[in-house]
Amino acid sequence: MNDFNIDTVTNAADTPETELPWAELGLKQDEYARILEILGRRPTAAELAMYSVMWSEHCSYKSSKVHLRQFGEKVTEEMQKDLMVGIGENAGVTDLGDGWAVTFKIESHNHPSYVEPYQGAATGIGGIVRDIISMGARPVGVMDPLRFGDIDHPDTQRVLPGVVAGIGGYGNSLGLPNVGGEVVFDSVYQQNPLVNALAVGVLKHEDLRLANASGVGNKVVLFGARTGGDGIGGASVLASESFDDTKPSKRPAVQVGDPFAEKVLIECCLELFHNNLVEGIQDLGAAGISCATSELASNGEGGMHVELTNVLLRDPSLTPGEILMSESQERMMAVVTPENAANFEAVMDKWGVEHSWLGEVTDTGRLIIEWDGDTIVDVDPRTVAHDGPVYDRPYHRPEWQDRLQTDTFRSSAAGGDLPASAEDLGQAVVELMSSPNMADKSWVTDQFDRFVGGNTALSQPDDAGVIRVDDRTGLGIGLATDCNDRYAYLDPYRGAQLALAESYRNVATAGAVPLAVSDCLNFGSPEDPDIMWQFAEAVRGLADACMELGIPVTGGNVSLYNQTAGRAIHPTPVVGVLGKFDDVSRRTPSGFQRWADGQAIYLLGTTRDELDGSEYARMRGHLGGQPPAVDLIAEKTLGEILINASRDGMIDAAHDLSEGGLAAALAEMSLRFGVGSRTSLHELCERDGVDPFTALFSESQARVLVSLPRSEELRFTDMTTARGFPALRLGVVDAESGGIEVAGAFQDGSFGIGLDELKEAWSSVIPSRFGGAAA
Amino acid sequence: MSADTPLIGDHTMPETAPLTDARIGVVTFPGTLDDRDAARAVRLGGGTPVSLWHADDSLHEVDAVILPGGFSYGDYLRAGAIARFAPVMNTIIVEAEATTASPLPVLGICNGFQILTEAHLLPGSMIKNDHLKFICRDQVLRVENTGTAWTSQFTQDELITVPMKNQDGQYVVDDATLSTLEDQGRVVFRYVGESPNGSRNDIAGVTNERGNVVGLMPHPEHAVEAGYGPNDATGLREGTDGLTIFTSVVSSLTGGNA
């Protein structure tokens, strides 16, 4: 096995002059100098491999850390009362009551999904699910916020089907319902799609596990799939001839997933937790064994001693550095007491999972890794895992930002000659609903299993995914993810707040009480001060808004360098909000139900002239001006109204107004179950001082459409009046008409849209591009 | 997940007393996904679910067996091809083919149906859907045989809605066997409306000659509880048509009036 030159610690001390390829591994000169200073000698090849991956942007958050601190600082005691585990662990954990807790997190797998769409998307699911398992939780659902280039671009044709199939192929094989997400098309994501994945899990309080190695003499074990040459970060560099001439050839940096191995690993871990067989546990994701050993050791009390030749390999020619850096999927590392070792092995045998005992927890304060008895790593694990470089990168407001914000839709050529007649407005609604971003997404979501588990109470296209946690009580959770990148481009501070506001509103619209936030911050290069400004503004906006809404960020992920050929994506801070139901049977669906004929339709909230960044503006090819105003106090009041109305059974449908405004919400509520409506814009236009076009297409925030039985109208409006929140009766549900009829102060009376015609236009957009409906 | 859903392989009885003494085994293979759902469906149908493990050839005195959905062994080979050789299957095959008066009732759902065809307890085979994609949707079926242990409480030609979700759901069978199945009324479930996968004669489920073994691709265990099932005329996720499968077998096992 030992057929290459091993760079031991002794050798490193004896050969200080040896040149190491630190620059090719992505380290900066001062970072390398820092490593020399920490160690008091040059690092060994294996140590250099560890530092290089753990100090990478991806693992160390070195550019974002100084800003992310705000998520921990801008919090109140009240916000943290339900928080059991905060930022910094594999995923945050929030108390649900009744002895239950919930953990959720969202992550990105953008670049791998661009290089290899199927495996990139598949392993994105795999990684986030393992984060959830490592907290001691059973994963119970996933969601996928996806962003692709222009729907007609050849690159989208290549990337989208692979990403969708990869999410399905992996996620469906794990037995996790896919309950929501987003599908957005915009040319800014050409050659840089965003493939984010959210996973949620539940646990009993006593099953909570953390990633730390405590208890001197306890054993360290690696289990799951074998370690291979796939997914070696910077492998092309590590395997270069200048580093060591005896290494195997270059290997791909994209990991390959095995969902069956992951499914077995989930069940196996749950059995370990149930029988209390592990002291600490950590999944192997980015930076593989480097990350797991250094994090487990530095989060524990002492040190760790590992014999690396014990690692089970797929390829015996891997070097120690490659083994430390490999990102092979479906692996976990645990700390087990000697007394539990036999029982641990019995669980492994039952599930047919391979394992290898790597070493033990020590009290030396050092992470020592040996290769066949020779020491190749001798470091303070904290210096690897936590003391990486921190950069306060320069940032400034882009010089083009003011110009962008003054270019409003109304003042632009695109904003001239807007539809005003009933006929033109009706046509505009159909055109809107058949634009790629508003179109039916079931071609995508029908490739995901939303039923498995038998606990899915709501899923796409409803406002939130809703999952029951406890069969006996109906205790459950609601989840939504949102981001309007166009708003964030116009104003990143406000855009991030609007992403949070929409996600919060979606969860409350379904009836859940918002509890916690997880974010996936997708941006371009932090080395560009314009981009860094977008990032800093978005984080500041999000932290401020979380404080105002009173819900904490419990975890998340930063994805930088999302740019190709110098062109960055729009700032895309995807925000996930998790809420709680005491009883999920009280959830409110997003569409008019068939038996709801004659129910009253109310619009909650105020409509202003806010068309900048809107879907209507997008249809006209315009992006400029100011995003809609943020009013978090209104969002909070609206949320309380919706939660109470759901719990008390006052409303039978609720849908938030976001992209496409009132026009889209009315259309979507009717398309959901094929049930029409009759509404009038007269009063709305008069009360809010807007024209019918603005009433239909403005994207003012803090607005929701609800339907309720006439017997509940008084109770409902009493509640909105008591809270001083605007509520206006727009019309009625009409199950017989088969259409959407809208009256208003148009030149030619009212317009009607046949639901059959609308459905055809809305549902054929994606299948027509991607090869027919999934039957 | 429910607090009272046992860990896989845990044979202890649930805390709640069963409504009947019908013990129905639910087999877990590595990669099985819908075992907890099937156990819940048995409980809601009035029976007692008993968890069975693929590597254990004992059926633990169950009165009937369900092979639930999933991707056994990842289904990297033909779906069900490896699971068919599990120790538990040897016993199931013997009991299901017993020439006694009442051979073991066996239901295969989705991957379970694929395993039953691989085990030759049912004819035909499943290949990839004709559109080559995984499909998850609410599916209308017609119940065409109410003579089996699993369908006795349906009415002839009743239309039911249950979820379907699979990648390899296209039922194929040779012409002669197809004629036999049709002539003997052994097509138990047939897809109604546009075919979801290109199955021959729109077949969704079949039975063996004695009517004790039934396999179907759609998932009745996901249509047993209002609020969590498919959409139907009464509203969002209200469909519970699948429950009749489970009440049928409980009824036939306990001598209830079918």
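This is a predicted model: local features need pLDDT of at least 70, side-chain atom pairs count only at pLDDT 80 or more; totals for chains, interfaces and linings use all residues.
Me: Why is C110(B) called buried?

Reply: A residue is called buried if 20 or more other C-beta atoms lie within 10 Å of its own, and C110(B), with 28 other C-beta atoms within 10 Å, is therefore buried. The place of C110(B) is in the loop between β4 (106-109) and α3 (111-118) of chain B. Leaving aside neighbours within four places in sequence, C110(B) is in contact with G69(B), N166(B), M217(B) and H219(B).

Me: How do you know whether E221(B) is buried or exposed?

Reply: Burial asks for 20 or more other C-beta atoms within 10 Å, while an exposed residue has 12 or fewer; E221(B) has 35 other C-beta atoms within 10 Å, so E221(B) is buried. E221(B) is found in the loop between β11 (213-216) and α5 (243-253) of chain B, and its contacts, apart from neighbours within four places in sequence, include D34(B), D37(B) and G242(B).

Me: Which residues does the UniProt annotation "active site" cover, and what is the largest C-alpha distance in that cluster?

Reply: According to the unreviewed UniProt entry, the "active site" annotation covers C110(B), H219(B) and E221(B). Although these residues are spread over 112 residues of sequence, they cluster in space, with a largest C-alpha distance of 10.9 Å.

Me: What makes strands β12 and β13 of chain A count as paired?

Reply: Pairing calls for at least two bridges between two strands, and 5 bridges join β12 (residues 367-371) to β13 (residues 374-379) of chain A, which run antiparallel. E370(A) stands opposite T375(A) in β13(A). In the hairpin of β12(A) and β13(A), which has 2 residues between the strands, D372(A) takes a positive phi near 55°.

Me: How many residues of chain A are in contact with chain B, and which element supplies the largest share of that side?

Reply: Contact is counted when C-beta atoms lie within 7 Å, and 39 residues of chain A are in contact with 36 residues of chain B. The largest share of the side of chain A that touches chain B, 7 residues, comes from α10(A), and the residues of that side divide into 14 nonpolar, 14 polar and 11 charged.

How values were computed
Residues are numbered from 1 along each chain as its sequence is written. Chains are lettered from A and ligands numbered from 1 in the order in which they are written. Two residues are in contact if their C-beta atoms, placed from the backbone, lie within 7 Å. Helices (H or I, at least four residues) and strands (E, at least two) are DSSP runs, numbered from the N terminus. Ala, Val, Leu, Ile, Met, Phe, Trp, Tyr, Cys and Pro count as nonpolar, Asp, Glu, Lys and Arg as charged, and the others, Gly among them, as polar. UniProt positions are given in the numbering used here, feature names are shortened, and annotations may be inferred rather than shown by experiment.
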